[in-house]
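This report walks through selected features of one structure, region by region. Please keep the sequence and the 3D view at hand while reading.

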Amino acid sequence: MRTGYVWEELYGWHDTGTHAAFVAPGGLVQPHRHVESAESKTRFAALVEVSGLGAKLDRIRAVPAAEDDVLAVHTAEHLERIRAGSAAPRGGDAGDGTSPFGPGGLEIALLAAGGAVQAASAVVTGRVTNAYALVRPPGHHARPETGMGFCVFANAAIAIQHVRRHHGVERVAVVDWDVHHGNGTEEVFAEDPDVLTISVHQDQLYPKGTGRLTDRGRGAGEGSAINVPLPAGTGNDGYLHAVEQVVLPALERHRPDLVVVASGFDPAALDPLGGMVVTTTGFRRMARAVLDAADRLCDGRVVMTHEGGYSPVYAPLCGVAVLEEMSGERTEVTDFLAEEYEDLPDQALRPHQAEAVAAAAAAAGLQ
Ligand SMILES: O=C(CCC1CCCC1)NO
Ligand SMILES: [Zn+2]
């Protein structure tokens, strides 16, 4: 069992400025670092090293994604928008006005997509069993014609199209456990029956108007998108219930050659953007379930691309927990919150959560 790992220091140089989350400079909020700052990612990378886990992983170096790989997913206009912003003295924006980047941002965004491409290539060529691409900027909101939600390029989608074109991969399943709907990945593959996208997210958190039960893909891809909108306040048992009742049966039905996880840690209890109460234990259980399904279905081939997760303290703990499950290694990293939270009523599966999961399973024809 070999687990690949992508991290490049340059990801920490992606500059999202001082937008103080969503208030533009000059608003009523004292300027502060953007909520999508480097910190939660650089601290995750640091914990991988300091815990000793890094020495047991197969380090995969990222190279910038080739432009034809980007253009397999995005429009030429979008790529030019990023190129122009990157050449501007104060940088630019990925397209929605809240996804800024600094001068040179194109190179870093290409390196993020390229990190996902290299991780996926290492998995499908058998260099490693599975791989975690700790990349930045994130990608799961990026649409063909625009970036959004802090995402510049659709990293996972670009990696999927690359391995389908270059390594004969045909059927892919995407499991997105970021607290926000993976609208970009879903849109890229909405008409493609060979790529199943499953998003488990907080109902109508972001983007508004997408990720509904009724959004199931279109045309030839009808049924190739599954959405599991969960109520705010869902904890470990609710998430595991969603995985067991929807994700696993959908994976069994789709029979993928490769599983891609859009790994966001913003469902975590300490995350400033999410409204869920998942702990490291919850991420560990979800990862275990998906990894075991991949073992049954596709020789364990799993690629994870890092998405959201904004707690500088807690996201790193969640990341190490997932990497431990992927690699089979164990570290001395502990999470006292998980121990305290384990017995809280928040973590129990509540009736309205079970109803939401049952509705998603029914909408996906899984019941
Ligand atoms: O973590 C994220 C970013 C979500 C924010 C983007 C703008 C408002 C919410 N997406 O997965
Ligand atoms: Zn998110």
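## Backbone with positive phi

Where is the place of Arg255? In this predicted model, Arg255 sits in the loop between α7 and β9, and its phi is positive, at about 50°, although the residue is not a glycine. With a relative accessibility of 49%, Arg255 counts as partly exposed.

Phe150, which is likewise not a glycine, has a positive phi near 75°, and its place is in the loop between β5 and α5. Phe150 counts as buried, at 8% relative accessibility. As background, most residues other than glycine have a negative phi, and most peptide bonds are trans.

## Cis peptide bonds

The loop between β5 (130–133) and α5 (155–166) also holds Pro137, and the peptide bond that leads from Arg136 into Pro137 is cis, with omega near 5°. A cis peptide bond is also found from Tyr206 to Pro207, where omega is near -10°; Pro207 belongs to the loop between β7 (195–202) and β8 (225–230).

Because His180 lies in the loop between β6 (172–176) and α6 (183–188), whereas Asp266 lies in the loop between β9 (258–263) and α8 (280–298), the pair ties together parts that are 86 residues apart in sequence.

His180 is buried, with a relative accessible area of 8%, and Asp266 counts as buried as well, at 0% relative accessibility.

## Packing of α7 and α11

Helix α7 (residues 236–254) and helix α11 (residues 351–363) have axes that come within 10 Å and cross at roughly 20°, which makes α7 roughly parallel to α11. The crossing of these helices, α7 and α11, is right-handed.

On the α7 side, the contact involves Gly238, His241, Ala242, Gln245 and Val246, which meet Gln353, Ala354, Val357, Ala360 and Ala361 in α11. Sorted by class, the contact of α7 with α11 has 6 nonpolar, 4 polar and no charged residues.

## Gly52 and Arg330

Gly52 is placed in the loop between α1 (39–50) and β2 (58–59), and at 26% relative accessibility Gly52 counts as partly exposed. Although Gly52 and Arg330 are 278 residues apart along the chain, their C-alpha atoms are separated by 9.3 Å.

Key
Residues are numbered from 1 along each chain as its sequence is written. Chains are lettered from A and ligands numbered from 1 in the order in which they are written. This is a predicted model: local features need pLDDT of at least 70, side-chain atom pairs count only at pLDDT 80 or more; totals for chains, interfaces and linings use all residues. Side-chain values use heavy atoms; hydrogens and water are left out. Helices (H or I, at least four residues) and strands (E, at least two) are DSSP runs, numbered from the N terminus. Buried means under 20% relative accessible area, exposed over 50%, partly exposed in between (1.4 Å probe, protein chains only). Axes are lines fitted to C-alpha atoms, for helices over the stretch in contact, and angles run from 0 to 180 degrees between N-to-C directions. Angles under 35 degrees count as roughly parallel, over 145 as roughly antiparallel, 65 to 115 as roughly perpendicular and the rest as oblique. A crossing is left-handed if the near helix is turned anticlockwise from the far one by less than a right angle, and right-handed if clockwise. Contact means heavy atoms within 4.5 Å. Ala, Val, Leu, Ile, Met, Phe, Trp, Tyr, Cys and Pro count as nonpolar, Asp, Glu, Lys and Arg as charged, and the others, Gly among them, as polar.
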